[in-house]
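Subject: Structure handover

Hello,

The structure is below, followed by notes on what was found in it.

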Amino acid sequence: PRDYAAVMRGILKIEADGSHTCTGNWAVTNDHFQSGLTSKYHFGIEGHRAADDAKDMLQRLKESGANSDDDRELKGVTGDGVTPMTLANTTFPIDSSLYKGTFKLRKGATKTQTIMDKQIAMKFVKNDAGSYNVYGRGVNEFGEFNLVGTLIIQGKANGLMQVYRIYEQPPQPVVVQPASKKSGKVFPGGMTEKAGNSGPVPAMKPAERFTPSMS
């Protein structure tokens, strides 16, 4: 995207309790990433909510016939013998409007502030490269924003995500908190892969439940 307020890179994965989390860094520009001018961010969805939305999503994929090309049910997943297994443990990735998150923002020379993303809706669309294009929408104290990016599958239940955040009304200029140590990780993939079966996530208001269309 030409006009965006932030770029986020992190690892999306399934935790043992069934929650789906993504932890990484964000920066104002890609050049800031190269210079190490990044701050931390995190978002996720709780296990019981992920299980409910996984059930709904799998049903939609089955009814539309999209599951033949986009099978999100993981095979051969074993638990730790203690934590109950649900669809949240065996489905990846999950479309949902119930993701939430936080990110660090520098306020002045020495102080930082934690900003809460009150709600994030995300839809994952299988692309021709075998990974996923990511579309989403969210809201925080700066206003509503759109998300667009990619999820590059790395293992059975995790992947590298790069997402651009675009606010409907540009937020005030910010100064990101420099990372304590520059990351040497290079994020592969880009925004040129073609989505195979759908378009962007539909518009939503913060109180609405996200129901992605697979048409």
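R9 lies in strand β1, residues 6-14 (strands are DSSP runs of E of at least two residues, helices runs of H or I of at least four, both numbered from the N terminus). R9 is buried yet has no salt bridge, and the nearest side chain of opposite charge, D31, is 8.3 Å away. Buried means under 20% relative accessible area, exposed over 50% and partly exposed in between, with a 1.4 Å probe and protein chains only. For charge, Lys and Arg count as positive and Asp and Glu as negative, while His and the chain ends are not counted. A salt bridge needs a side-chain nitrogen of Lys or Arg within 4 Å of a carboxyl oxygen of Asp or Glu.

What R9 does have is a polar contact of 2.7 Å with the side chain of N30 and a polar contact of 2.7 Å with that of Q162, in each case through its own side chain. A polar contact is a pair of N or O atoms within 3.5 Å; within protein, one must be able to donate a hydrogen and the other to accept it, and residues adjacent in sequence count only if both atoms are side-chain atoms.

This is a predicted model: local features need pLDDT of at least 70, side-chain atom pairs count only at pLDDT 80 or more, and totals for chains, interfaces and linings use all residues. Residues are numbered from 1 along each chain as its sequence is written, and side-chain values use heavy atoms, with hydrogens and water left out.

On the overall fold, the chain has three helices and eight strands, in the order β-β-α-β-α-α-β-β-β-β-β. Of its 215 residues, 44% count as buried.

The structure holds six salt bridges. One of them joins the side chains of D70 and R72 (2.9 Å, N to O). D70 is buried at 1% relative accessible area, and R72 is buried at 1% too. R72 also forms a salt bridge with D95, with the closest N and O atoms 3.1 Å apart. That pair links distant parts of the chain, 23 residues apart: D95 is in the loop between α3 (87-90) and β4 (96-107), and R72 in the loop between α2 (47-64) and α3.

Another salt bridge is between K75 and D71 (3.0 Å, N to O). Here K75 is exposed at 54% and D71 partly exposed at 45%.

Regards
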